[in-house]
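Subject: Structure handover

Hello,

Here is the structure for you to look at. Please open it first, then read my notes below.

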Amino acid sequence: MRYLLDANVLIDADRDYYPLGRVPEFWDWLLDVAAQGRVKVPVETFSEVTNGRGKLAEWVREHKAVLLEPTELEVEPVRRAVEDGYAPDLSDDELESLKADPFLIAYGLALAGEVTVVTTEHSKPTKQRANRHIPDVCNDLNVPCIDTFQLLRRLDFRTDWRRARPNM
């Protein structure tokens, strides 16, 4: 199984849980599992993260070769993700507000049985149209979807804090 990361997985990890400068073990682990082909970032998500500034965008750009999902999408899964997952008649503004989300879900459709989508979004089943959240769209389209903490458990992320502690 390969896990495809939503932009918010990287952004929230750096901002809230595993800042690049404070928890390098997380980022080293992420590169390791990406090099193994177990975690990847679709090109659309890659662009969403690297369009920003700062250390995270720089780190993602620096590790593009390891992080980038190699699969190129056809039009049909993207169309299906948008029309069947959100709405068939989205306005241009609604489409723009979706950012890379439909592409992430489209990889799940195109690579059925091979990938799981990873996002920090939470299910909000009452949301409609472009306001729908990734877990709900994935659920409707039978695309496996988990959150970051489920990913960490599945791939057994851990740090060895004792090794990093000074002698006491």
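Just after helix α2, G37 takes a positive phi of about 85 degrees. Helices here are DSSP runs of H or I with at least four residues, strands are runs of E with at least two, and both are numbered from the N terminus. This is a predicted model, where local features need pLDDT of at least 70, side-chain atom pairs count only at pLDDT 80 or more, and totals for chains, interfaces and linings use all residues. Residues are numbered from 1 along each chain as its sequence is written, and side-chain values use heavy atoms, with hydrogens and water left out.

Two other residues also have a positive phi. K99 has a phi near 55 degrees, and K99 is not a glycine. K99 sits in the loop between α7 (92–97) and α8 (101–110). N142 has a phi of about 60 degrees, again positive in a residue that is not a glycine. The loop that holds N142 runs between α9 and β4 (145–146).

Are K99 and N142 buried or exposed? Buried means under 20% relative accessible area, exposed means over 50%, and partly exposed is in between (1.4 Å probe, protein chains only). K99 counts as exposed because its relative accessibility is 57%. N142 has 71%, so N142 is exposed too.

**Helix α2**

Back to α2. Helix α2 covers residues 24–35, which makes 12 residues. From first C-alpha to last, α2 reaches 16 Å, close to the 16 Å expected at 1.5 Å a residue. That expected span is 1.5 Å times one less than the number of residues.

Which residues of α2 are buried? They are F26, W27, W29, L30, L31, V33 and A34. An α-helix has 3.6 residues a turn, so residues three or four places apart point the same way. The cover over the buried residues of α2 includes β1 (2–5), α1 (7–17), β2 (39–40), α4 (55–62), α5 (64–67) and α10 (148–154). Contact means heavy atoms within 4.5 Å.

**Helices α1, α3 and α4**

In α1, the buried residues are A7, N8, V9, L10, D12, A13 and D14. They pack against β1, α2, α3, α4, β3 and α10. Y17 is also in α1. At 45% relative accessible area, Y17 is partly exposed. Leaving out residues up to four places away in sequence, Y17 touches D12, V23 and F149.

Helix α3 spans residues 43–50, and E44, T45, F46, V49 and T50 are buried there. Their cover includes β1, α1, α4, α5 and α8.

L56 belongs to α4. L56 is buried because its relative accessibility is 8%. What does L56 touch, not counting residues up to four places away in sequence? The list is L10, I11, D14, L20, W27 and V49. L56 and L20 are 36 residues apart in sequence, yet their C-alpha atoms are 7.3 Å apart in space.

R22 lies in the loop between α1 and α2. R22 is exposed, with a relative accessible area of 70%. R22 and T45 are 23 residues apart in sequence and 24 Å apart in space, C-alpha to C-alpha.

N131 is in the loop between β3 (115–118) and α9 (134–140). N131 counts as exposed because its relative accessibility is 54%. From N131 to A112 there are 19 residues in sequence and 24 Å in space, C-alpha to C-alpha.

**The whole chain**

Now step back. The chain has 11 helices and four strands. Its C-alpha trace spans about 60 × 30 × 30 Å along the principal axes. Of its 168 residues, 48% count as buried.

How does the radius of gyration fit? A compact globule of 168 residues would have a value near 15 Å, and the chain has 17 Å, which agrees. The radius is taken over C-alpha atoms, and the globule rule is 2.2 Å times the number of residues to the power 0.38.

Residues 24 or more positions apart account for 75% of them.

Last, charge. The chain has 22 positive and 30 negative side chains, and the centres of the two sets lie 8 Å apart. Lys and Arg count as positive and Asp and Glu as negative, while His and the chain ends are not counted. Each charge is placed at NZ of Lys, CZ of Arg, CG of Asp or CD of Glu.

Best wishes
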